[in-house]
Amino acid sequence: MANPGYGKRSASDQRPRGEGDFSHLPPREAAVAAYIDRLPDGSDISVKTLAKWLPYGQCALRTALNRLQAAGHLRRGSECVATDEVMLWVTRTFFSRTARDDDWWSAFTRGDVPQETQRPTRSRAFVLLAALGRVAPALSLSAAECASLEPQVSEWFERGATEDETLRALTHGLPATVHHAASLVRRRLTDKLPPERLVTGPRAVTLRTLECGECRAPGSPEALPGGLCGGCRGEGTSVPAPPPGTVPTDGVRERMATVRAGLVPRSERTDRARGRTAAPGTSRT
């Protein structure tokens, strides 16, 4: 494991693991990515540590990490972590099993990750109802009955109820004989519907920055396509035009000398503040 504030951090909204996760990468990069993907968060993934466990040297691993960055699996940066006493900026190495483009990493930096469209799956409510018979055999439901009761259970979840709370409300204190499981479940879902829970506290704000994977210079996601700054990508850097009225660098000394020459001596400023301005033609002793 790495020191606190360093090491691997898994990016959010990742797809489940599959056999072809890194098939688009060269063999070495695919092996390194598969190894990092299975490490827990906080693991040290520096080239020195990886070289101790993988059959590659530090230079080869550094190249592999840079290629993983270019492929959209890795970004380096910083994240603000708030404690009860202070707010600290800590180094992060973000890893995504799913290759992401620059727009996704930009949204991730803002804390606004776009949700991907996934295949339709059974909802939490349907899964809970389908498994109800395992907790209480007397409440075993058919697929049609689960689909009919699904909206009511979904409303419980929308009001903040957990699976355990919902199961407890449906299965606690059952009668000795249950003649119609679906009717009993529907009645309990109606009679025991919890109140809406108010969300208290401010909304969490994500503070993250990215940095160039080569020179470690910080920058906005838009300025680091592929995880590299313009200089490391070989692009020419142009100096932006200064705002109107800006003093050229070579004229700063002359401007400051002019300003100093026009300043009132301190002794005169003190006398004026005290109301003891000397008369013209006289000297102060």
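This is a predicted model: local features need pLDDT of at least 70, side-chain atom pairs count only at pLDDT 80 or more; totals for chains, interfaces and linings use all residues.
Helix α1 (residues 27-37) and helix α3 (residues 58-70) have axes that come within 9 Å and cross at roughly 80°. Because an angle of 65 to 115 degrees counts as roughly perpendicular, α1 is described as roughly perpendicular to α3. On the α1 side, the contact is made by R28, E29, V32, A33 and I36, while α3 contributes A60, L61, T63, A64, L65, R67 and L68. When these residues are sorted by class, the contact of α1 with α3 comprises eight nonpolar, one polar and three charged residues.

A second contact involves helix α7 (residues 143-158) and helix α8 (residues 163-171), whose axes come within 10 Å and cross at roughly 130°. This angle makes α7 oblique to α8, and the crossing in which α7 passes α8 is right-handed. The residues that make the contact are V153, W156 and F157 of α7, together with E163, T166 and A169 of α8. By class, the contact of α7 with α8 contains four nonpolar residues, one polar residue and one charged residue.

Helix α8 also packs against α9, at an angle of about 120° and with the two axes 9 Å apart. The two helices, α8 and α9, are therefore oblique to each other, and their crossing is right-handed. In this contact A169, L170 and T171 in α8 meet V185, R188 and L189 in α9, and the residues of the contact of α8 with α9 divide into four nonpolar, one polar and one charged.

Turning to the strands, strand β4 (residues 208-211) and strand β5 (residues 218-219) run antiparallel and are joined by two bridges. Within this pairing, L210 stands opposite G219 in β5. The two strands, β4 and β5, form a hairpin in which six residues lie between them, and R216 in the turn has a positive phi of about 65°.

Definitions and conventions:
Residues are numbered from 1 along each chain as its sequence is written. Side-chain values use heavy atoms; hydrogens and water are left out. Axes are lines fitted to C-alpha atoms, for helices over the stretch in contact, and angles run from 0 to 180 degrees between N-to-C directions. Helices (H or I, at least four residues) and strands (E, at least two) are DSSP runs, numbered from the N terminus. Angles under 35 degrees count as roughly parallel, over 145 as roughly antiparallel, 65 to 115 as roughly perpendicular and the rest as oblique. A crossing is left-handed if the near helix is turned anticlockwise from the far one by less than a right angle, and right-handed if clockwise. Contact means heavy atoms within 4.5 Å. Ala, Val, Leu, Ile, Met, Phe, Trp, Tyr, Cys and Pro count as nonpolar, Asp, Glu, Lys and Arg as charged, and the others, Gly among them, as polar. Two strands pair if DSSP finds at least two bridges between them.
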